[in-house]
Amino acid sequence: MSEHLDRWFDRLRAQPPPTPFVPAEEVRRRGQRRRYRQYGLVAVAVLATTGLAATGLGKLAGSPGTAPPPIAGPSTAADALTSPTGAPPVSEDDISTIDSQVDGGWFLTTADLGEGDWRQLAAMVLYLDGPPDWLWAVACPGFTPADHPSLALRRELALRSWGTGAGADAVETADAGSGRDWLSQDAFIRQKEGLRLVQAVDLFQSGGAHQHLADVRRVVEECDPSDWGDDPVSYQIVRTGFAGDESLLITEAWRDSVQLIAVVRVGEVVTTLRLYDSQADLNWLLELARVAAARLPRA
Amino acid sequence: MQPERRQPRVTGVEDQASFDAFYRATRQRVYVCLVALTRDPSEAQDAVHEAYARAWQHWSRLKRYDDPEAWVRTVARRVAVSRWRRARNRLLAQRRAPAPAAPPEPDPDAVALLTALGQLPPAQRTAIVLHHLVGLSVADVAAETGVAEGTVKARLSRGRRALARLLETTEEAYVRAP
């Protein structure tokens, strides 16, 4: 049968593309444009938030009398460095994992978010343009999904997002008409008004959730800021053990802006809360993380 | 603040030459893999171009990999998967529909194979394409798709049986044709 198949596949191997491949120079130009566009997006996000970013890590401790810490846009919209040999799979099976079977009751609710005109966005926000969709896969240029063993153990991923005010409408409008059922992180980053929150819930095979936290720690502890050239991004774990079986509160610092990310594990489930462009305070996010942990199943 | 300072590192002329050579040497193989998976030549070609553009972004590191083609192939598959997800409803409908239009003046055998591949479940199709078309070993297919080797073998076995049935039907049709 294999020989029979080989004959068929030989014919397919000789099939030319519908149009000639573009010259290598054009591919390089396309890559260059893509790179500058991504860095430009980062610049937009930072410009949008720099005016708010006046406090540093010290204020994140939530000391009395200090203003809530400003939250900067994500440090990177850089492309995911996908798998070289031995990388986590990107299979068609991943399509179904995006439409997670994770129970809806595991998520925060709009009411949990407290004051403000929060509303859940109709579509989910993806960090990447395709699986494996994971915040930390793009958090550091020196890391690729292949560097994160837990991704191969992930069974399901589900995402929800919320926004406030006109910003929430604008985010959805930005992606309207795209024909897809998810929002790009780009639109999320670009929006300047209101608060935006993304919650990811990852369900793992046995041992995968603990590994996941270890992967996060490794990014935080080993990411080389110099990978960003002379304009480094740095991460720091500023609080642990505040919720669930394991938990990390991480700051992402770029210049004078700081962003908060909470990662909480309960059993084989990990939830990640990431805020965009907000002035939310540390204690608010910690409380949200505890509520989120309480919703996760122990099994 | 000058956000323009946040620039990527400069890639040298030598990198350009090595990238260009790599692109010319591997693009057809990656394209054929993608077209077998997507059954859409235009979509496949665009995914391939996109993957190589991304490869150029990171070429200073990728060039040190043992097999940068595997990286490009995986990225191209991811790009295609992403597009599949965006058009999921359309694709679900296509499962019951005839194969999409073939490229201009296609080889009938190639079209028949693409049509047959399109009738396989995605996991089987991926295993068959990576093993029989790309030429990866069972172990490499397992590594690239993130499943156990036994799972790959099972998918290959089932996929081959299904393909044989589908292609025999095609051949019989040719024989019967006037």
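This is a predicted model: local features need pLDDT of at least 70, side-chain atom pairs count only at pLDDT 80 or more; totals for chains, interfaces and linings use all residues.
**Figure 1. Chain B, an arrangement of helices.** Chain B holds nine helices and zero strands, and its pattern along the sequence reads α-α-α-α-α-α-α-α-α. Of the 178 residues of chain B, 49% count as buried. The average pLDDT of chain B is 76, with 73% of the residues scoring at least 70. Over residues 85-103 of chain B the pLDDT stays under 50, and the model has 15 contacts beyond four places in sequence for this stretch. Residues 174-178 of chain B also have a pLDDT below 50, and this stretch has zero contacts in the model beyond near neighbours in sequence.

**Figure 2. The largest nonpolar core.** This core has 53 residues. The residues with the most contacts inside the core are B:Cys33, B:Leu34, B:Ala36, B:Val48, B:Ala51, B:Tyr52 and B:Ala76. Helix 1 (residues 13-38) of chain B gives the most to the core, with eleven residues. At least three residues come from each of domain 1 (13-97) and domain 2 (103-178) of chain B. Leaving aside residues up to four places away in sequence, B:Leu34 touches B:Ala44, B:Ala47, B:Val48, B:Ala76 and B:Ala80. Another core, of 50 residues, lies apart from the one shown here; A:Ala152, A:Ala200, A:Val216 and A:Ala262 are among its members.

**Figure 3. Helix 2 of chain B.** Helix 2 (residues 41-57) of chain B contains 17 residues. From first C-alpha to last, helix 2 of chain B reaches 24 Å, close to the 24 Å expected at 1.5 Å a residue. Helix 2 of chain B is mostly covered, with 15 of its 17 residues buried.

Figure 4. B:Arg39 sits in the loop between helix 1 and helix 2 of chain B. The phi of B:Arg39 is near 65°, a positive value in a residue other than glycine. Most residues other than glycine have a negative phi. B:Arg39 counts as buried because it has 22 C-beta neighbours inside 10 Å, where the cut-off is 20 or more. B:Arg77 belongs to helix 4 (residues 68-86) of chain B. B:Arg77 has 31 other C-beta atoms within 10 Å and is therefore buried. The C-alpha atoms of B:Arg77 and B:Thr38 are 9.0 Å apart in space, although the two residues are 39 residues apart in sequence.

**Figure 5. Helix 6 of chain B.** Eight of the eleven residues of helix 6 (residues 108-118) of chain B are buried, and the helix is mostly covered. The buried residues of helix 6 of chain B are B:Asp109, B:Ala110, B:Ala112, B:Leu113, B:Leu114, B:Ala116, B:Leu117 and B:Gly118.

**Figure 6. Strand 5 of chain A and its two partners.** Strand 5 (residues 196-204) of chain A is largely enclosed by the rest of the structure, because nine of its nine residues are buried. A:Arg196, A:Val198, A:Ala200, A:Asp202 and A:Phe204 point one way from strand 5 of chain A, while A:Leu197, A:Gln199, A:Val201 and A:Leu203 point the other way. Strand 3 (residues 154-164) of chain A runs antiparallel to strand 5 of chain A and is joined to it by nine bridges. Within strand 5 of chain A, A:Val198 stands opposite A:Ser161. Strand 9 (residues 269-276) of chain A also pairs with strand 5 of chain A in the antiparallel sense, over eight bridges. A:Leu273 in strand 9 of chain A is the bridge partner of A:Gln199.

Figure 7. Chain A has eight helices and nine strands, and 50% of its 299 residues count as buried. Of the contacts in chain A with a separation of 6 or more, 72% are between residues 24 or more positions apart. The mean pLDDT of chain A is 68, and 55% of its residues reach 70 or more. Among the elements of chain A, helix 8 (residues 282-295) has the highest mean pLDDT (93) and helix 4 (residues 93-98) the lowest (30). Over residues 36-100 of chain A the pLDDT stays under 50, and the model has 179 contacts beyond four places in sequence for these residues.

Key. Residues are numbered from 1 along each chain as its sequence is written. Chains are lettered from A and ligands numbered from 1 in the order in which they are written. pLDDT is the predictor's confidence in each residue, from 0 to 100. Helices (H or I, at least four residues) and strands (E, at least two) are DSSP runs, numbered from the N terminus. Two residues are in contact if their C-beta atoms, placed from the backbone, lie within 7 Å. A residue is buried if 20 or more other C-beta atoms lie within 10 Å of its own, exposed if 12 or fewer, and partly exposed in between; C-beta atoms are placed from the backbone. A nonpolar core is a set of buried Ala, Val, Leu, Ile, Met, Phe, Trp, Tyr and Cys residues joined through C-beta atoms within 7 Å. Domain bounds come from an automatic or database domain assignment. The expected span of a helix is 1.5 Å times one less than its number of residues. Two strands pair if DSSP finds at least two bridges between them.
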